[in-house]
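These are my notebook entries on one structure.

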Amino acid sequence: MADALQRELSYAGVRFATFIDLDDADAEPAQSEGVESAKSAEGVENGQGANADASVPAASVPATSVPAASTIATQASEADVVFVGFWCDKGSCSPAVQHFLQGLVGKRVFLFGTCGFGESDEYFAQILERVRAYLPVDAQYIGGAMCQGKMGMGVKRRYEGMLEKDPENAQARMLIDNWNKAQIHPSEDDVSRIAAAAKEALEGIAE
Ligand SMILES: Cc1cc2nc3c(=O)[nH]c(=O)nc-3n(C[C@H](O)[C@H](O)[C@H](O)COP(=O)(O)O)c2cc1C
């Protein structure tokens with residue numbers, strides 16, 4: 001998702017100063033369930049506005065040598081806007097992302113995320129509200145968008161176990177149905193929608 005979003009915004013002329021992968025030990029529960037747990041923070045130099053024509057290669061930090069959150073926050077401090085990507089972890093974001101957000105003093109921030117349940121904009125909005133609450137008071141939340149993401153195989157097995165025990169269990173059927181629907185996400189449409197929201201947010205600050 002982060003790569004695709006960065007690509008779309010680069011096409012639109014946004015110049016990326018840096019790209020940081022926040023993957024670390026906090027992501028272990030996700031990996032154990034087969035969920036890709038990459039989280040990312042992207043810093044955008046937006047001094048030229050969203051229509052800047054130059055784009056620079058993104059610098060990246062390998063997942064194996066993740067710097068301290070404070071170091072990452074310092075790198076992000078060079079950016080006019082910080083795009084923070086996250087996967088929904090128990091209704092919010094993972095601790096690594098929480099810490100990163102807390103360090104974004106005075107920054108403009110756009111949030112983008114994935115979560116297992118994807119059919120309710122209200123649900124997305126609730127998650128975004130919880131996640132943005134980690135920003136310092138003087139950070140400026142410029143917007144956010146979410147889409148559905150895949151869930152691990154272990155999750156599906158758990159739902160199937162519920163159904164085996166009780167074949168009439170309508171909730172288990174709904175959960176399995178949702179798990180299956182999640183397999184095609186994030187889709188190209190999801191990326192386009194999130195990129196459109198990001199562009200709108202950048203236009204909002206350029207005015
Ligand atoms: C430990 C854990 C907790 C999760 N909590 C939630 C949750 O509260 N709500 C939700 O919709 N999805 C939840 N999920 C599902 C993940 O958000 C989903 O698998 C992830 O966003 C997929 O992203 P991806 O397709 O970009 O890899 C959870 C997954 C794990 C592993």
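I began with pLDDT, which is the predictor's confidence in each residue, from 0 to 100. The model is a predicted one, in which I required pLDDT of at least 70 for local features and 80 or more for side-chain atom pairs, while totals for chains, interfaces and linings use all residues. Residues are numbered from 1 along each chain as its sequence is written.

**Entry 1: confidence.** I find an average pLDDT of 81 for the protein chain, with 74% of the residues scoring at least 70. For residues 25–39 the pLDDT stays under 50. I count two residues as in contact if their C-beta atoms, placed from the backbone, lie within 7 Å. By that criterion the model has 32 contacts for residues 25–39 beyond four places in sequence. Residues 46–65 also have pLDDT below 50, and this stretch has 40 contacts in the model beyond near neighbours in sequence.

**Entry 2: helix 1 and helix 8.** I took helices (H or I, at least four residues) and strands (E, at least two) as DSSP runs, numbered from the N terminus. Axes are lines fitted to C-alpha atoms, for helices over the stretch in contact, and angles run from 0 to 180 degrees between N-to-C directions. Helix 1 (residues 2–11) packs against helix 8 (residues 188–206) at about 55°, the axes being 9 Å apart. I class angles under 35 degrees as roughly parallel, over 145 as roughly antiparallel, 65 to 115 as roughly perpendicular and the rest as oblique. Helix 1 and helix 8 are therefore oblique to each other. Ala4, Leu5, Glu8 and Leu9 of helix 1 meet Val191, Ile194, Ala195 and Ala198 of helix 8.

**Entry 3: helix 6 and helix 7.** The axes of helix 6 (residues 153–165) and helix 7 (residues 170–182) cross at roughly 155° and come within 9 Å. This pair is therefore roughly antiparallel. From helix 6, Val155, Lys156, Tyr159, Glu160, Met162 and Leu163 meet Ala172, Arg173, Leu175, Ile176 and Trp179 in helix 7.

**Entry 4: aspartate 138.** I located aspartate 138 in the loop between helix 5 (121–132) and strand 5 (140–148). Is aspartate 138 buried or exposed? A residue is buried if 20 or more other C-beta atoms, placed from the backbone, lie within 10 Å of its own, exposed if 12 or fewer, and partly exposed in between. Aspartate 138 has 9 other C-beta atoms within 10 Å and is therefore exposed. Not counting residues up to four places away in sequence, aspartate 138 touches Val105 and Gly106. Lysine 107 is 31 residues from aspartate 138 in sequence and 7.7 Å away in space, C-alpha to C-alpha.
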